[in-house]
Amino acid sequence: MNNIKNVHADTKFNGKFRHEYKYICSDMQLAILKSRIDGLIALDSHVGSSGMYNIRSVYFDDYYNSCLAENISGTDPREKFRIRIYNCSSDKISLELKRKVGGKTQKHSCPLSLEQFRLLIKGVPLPVNSDDPPILQKMCLQMRQRMLKPVVIVDYDRIPYVLKEGNVRVTLDLNIASSFDYDGFFSPDMSRRPIMPVGRQVLEVKWDEFLPDVIYHSLQLESLQRTAFSKYHLCRQFSMNGGIVL
């Protein structure tokens with residue numbers, strides 16, 4: 001199995017690493033948490049009148065399913081590529097490289113044109129151009145070397161809260177589903193299947209240097225426990241086991 005090189009050796013991708021904690025919550029727990037933080041943190045300015053937006057990402061893996069295997073085993077460091085859109089719109093298409101090192105995460109992104117997306121979603125690598133963003137160059141090289149290709153679509157609705165102090169993001173992720181409907185990637189009616197048990201959602205808390213005490217205390221619930229939950233992992237496992245959530 002091909003292992004990715006140590007990310008610290010790649011100077012093109014220097015940047016901050018963030019703390020990222022995840023929790024699986026019941027609908028009741030999520031409602032309690034939402035009522036606590038509504039008056040403490042502002043909603044992300046990109047949400048519409050509904051107070052949320054839809055996130056849709058297509059993830060890539062290689063011939064050996066290395067990204068999935070590394071996710072399951074907790075390999076450190078590890079990384080994966082995805083293409084992400086919001087609210088089913090082609091106006092903003094982003095290629096993202098997400099890395100995990102020492103329990104912290106780092107994300108880099110670059111814009112894609114619709115024409116570039118259409119080739120990548122078919123598993124066709126673009127010509128490597130030195131003027132392209134380093135992320136795009138790296139992905140296209142790995143598509144040739146490791147046979148990276150699209151493997152699953154992850155779709156969900158997000159209620160995002162942001163706080164400037166500590167660069168904090170508290171997100172409530174609902175209706176998580178998987179799909180292989182690549183042709184319908186931009187369609188609100190894309191075919192998808194829920195992958196969470198009924199009444200289960202996800203809370204994510206992300207920050208840089210510190211998490212303000214007022215936010216920390218507002219998120220405390222006796223039965224709330226941190227988990228290594230991964231939407232990508234669960235959507236892959238769900239699809240590879242005939243719809244059985246492991």
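**Notes on the pocket and its surroundings**

1. Starting with the lining of the largest pocket: by class, 22 of its residues are charged, 13 are polar and 13 are nonpolar. Bear in mind as you read on that this is a predicted model.

2. The lining comes to 48 residues in total, and Arg-82, Arg-84, Lys-98, Lys-107 and Lys-206 are the ones that lie nearest the centre of this pocket. As for volume, the largest pocket has about 1200 Å³. If you wonder how one finds such places, rolling a probe the size of a water molecule over the atoms shows where empty space is left.

3. Is Lys-80 buried or exposed? Lys-80 counts as buried because its relative accessibility is 16%, and the cut-off for buried is under 20%. You'll find Lys-80 in strand 4, which covers residues 78-86. Have a look at Arg-99 too: Lys-80 and Arg-99 are 19 residues apart along the chain, yet 6.7 Å separates their C-alpha atoms.

4. On to helix 2 itself. Which of its residues are buried? They are Ser-66, Cys-67, Leu-68, Glu-70 and Asn-71. A reminder for reading that list: an α-helix has 3.6 residues a turn, so residues three or four places apart point the same way.

Key. Residues numbered from 1 in each chain as written. Predicted model: local features only at pLDDT ≥ 70, side-chain atom pairs only at ≥ 80, totals over all residues. Heavy atoms only, no water. 1 Å grid on protein atoms, 1.4 Å probe; cavity = no way out; pocket = protein on both sides within 12 Å on 5 of 7 lines; lining within 4 Å. Points joined across faces, edges and corners; volume = space filled by probe spheres on them. Nonpolar A, V, L, I, M, F, W, Y, C, P; charged D, E, K, R; others polar. Buried < 20%, exposed > 50% of the residue type's maximum accessible area, 1.4 Å probe, protein only. Helix = DSSP H or I, 4+ residues; strand = E, 2+ residues; numbered from the N terminus.
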